[in-house]
Amino acid sequence: MKNLWSAAMSESFMQQYPLVSDMPFQKSRCWNYENGCILTAFERMFHTTGEERYLQYIKNNMDLFIQDDGSIATYNLNEYNVDMINQGKTLFLLFEKTGEPKYRKAIELLVTQLKGHPRTKEGGLWHKKIYPFQMWLDGVYMTSPFLAQFAHVFNEHEWFDDIANEILLMERVVRNPQTGLLYHGWDESREERWANKVTGCSEHFWGRAIGWYVMAIVDVLDFLPLDHPQRGQIIGIFHRLAKAIVKVQDRESGLWWQVMDRGGEEGNYLEASSTAMFTCALAKGANKGYLEEWAIEAARKAYEGSLTKFVERDDDASLHLNGICSVAGLGNTPYRDGSYAYYISEPIRRDDPKGFAPFVMACLEIEAASKKV
């Protein structure tokens, strides 16, 4: 594995940041979805390589939070925040490998949140309690793969219908029929200033939001039963959306733009996290047989473009990923209006887990595809 980018990037990250909270822009040591991103990537490194240091890195980071009684330090169920589910994804691996009851109890605590989580009238999860009646694309990734694994591992198959509903509802309410792309967010109440008063949708196609959504689909399909009534429909909308994503891929670089359909416009830029997510989802979709050869070709082009534009080696030989949008949201204080000017105004960082982790996962999928050739 030493000569592969997946291993090289992972090793560099672990050496620089023995704990994820060691990263310079982490405000504090708290349970959050960014931790979950990088730990999920390293779980895939562990499954691919069998090397124990990846498992140990995950355990060291998770044990900062998981208490002996299964409670989670710094986590508050009553926030009803879907982002808080994402760090729970590696709990299944830890429970499988150690058998320690605290990990199962922590899984069940997060499921308890989702049992009582506020929902839209059609059953879609609110993004957060503080964002009433809103669904964001990001949220599908935070919750659905976790719930799908829970349903599979603990034989609670009734959750599969709920997961399918979340994926299909989200696509139905935010899809633009002209471009085939998905708007970042939807407000069922139409009360937010960023929401279209007719459709409830936000105004633009933010790359990473759509990236979260397609990664959610390919991860859910790992667990969704082959005979589930909505499985084929989910694969179908994934195929349709993947086509729309490839259509707006920058032809020269192979990368994707921060605001996806506004390539080359003033202030817009080629962005690393969305590119990594699309690379991962397209390659995994092709590897699993959901997508055809055009998808792996687009993924390979994006992968090569990322190595050229975003990957950087410092003088100390450490590896980094540049060009990652730090954050983008809707509403709150100060108010994020979902405008084009807003999306291009957020800071750009390097090594942010929201870009670094999907890049490692993209490398693994490209490497797996290469073995098949």
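Predicted model: local features only at pLDDT ≥ 70, side-chain atom pairs only at ≥ 80, totals over all residues.

Modeller: Residues are numbered from 1 along each chain as its sequence is written, and side-chain values use heavy atoms, with hydrogens and water left out.

Colleague: How far apart are the end C-alpha atoms of helix α11, residues 293-309?

Modeller: Helices are DSSP runs (H or I, at least four residues), and strands are too (E, at least two), numbered from the N terminus. The expected span is 1.5 Å times one less than the number of residues. For the 17 residues of α11 that gives 24 Å, and the model agrees: the end C-alpha atoms are 24 Å apart.

Colleague: Which elements do the buried residues of α11 pack against?

Modeller: Buried means under 20% relative accessible area, exposed over 50%, partly exposed in between (1.4 Å probe, protein chains only). The buried residues of α11 include Trp-294, Ala-298, Tyr-303 and Leu-307. Contact means heavy atoms within 4.5 Å. The packing partners are α1, α9, α10, β3 and α13.

Colleague: What kind of aromatic pair do Trp-126 and Phe-133 form?

Modeller: Rings of Phe, Tyr and Trp (its six-membered ring) pair if their centres lie within 6.5 Å; planes under 30 degrees apart count as stacked, over 60 as edge-to-face and the rest as tilted. The structure holds 18 such pairs. Trp-126 and Phe-133 are 4.6 Å apart, centre to centre, with 50° between the planes, so the pair is tilted.

Colleague: How many residues apart in sequence are the parts tied together by Trp-206 and Tyr-343?

Modeller: These two rings are stacked, at 6.0 Å centre to centre and 25° between the planes. Trp-206 lies in the loop between β2 and α8, while Tyr-343 lies in helix α12, so the pair ties together parts that are 137 residues apart in sequence.

Colleague: Is His-184 buried or exposed, and which side chains join it by polar contacts?

Modeller: His-184 is in the loop between α7 and β2. At 0% relative accessibility, it counts as buried. A polar contact is a pair of N or O atoms within 3.5 Å; within protein, one must be able to donate a hydrogen and the other to accept it, and residues adjacent in sequence count only if both atoms are side-chain atoms. The partners are Asp-138 at 3.2 Å and Tyr-343 at 2.8 Å.

Colleague: How many disulfides does the structure hold?

Modeller: A disulfide is a pair of cysteine sulfur atoms within 2.5 Å. For Cys-37, the nearest cysteine sulfur is that of Cys-280, 11 Å away. The sulfur of Cys-363 is 9.7 Å from its closest cysteine sulfur, in Cys-280, too far for a bond. The number of disulfides is zero.

Colleague: Which residues does Thr-90 touch, not counting residues up to four places away in sequence?

Modeller: Thr-90 lies in the loop between α3 and α4. With a relative accessible area of 1%, Thr-90 is buried. Its contacts are Leu-39, Thr-40, Glu-43, Ile-58 and Met-62.
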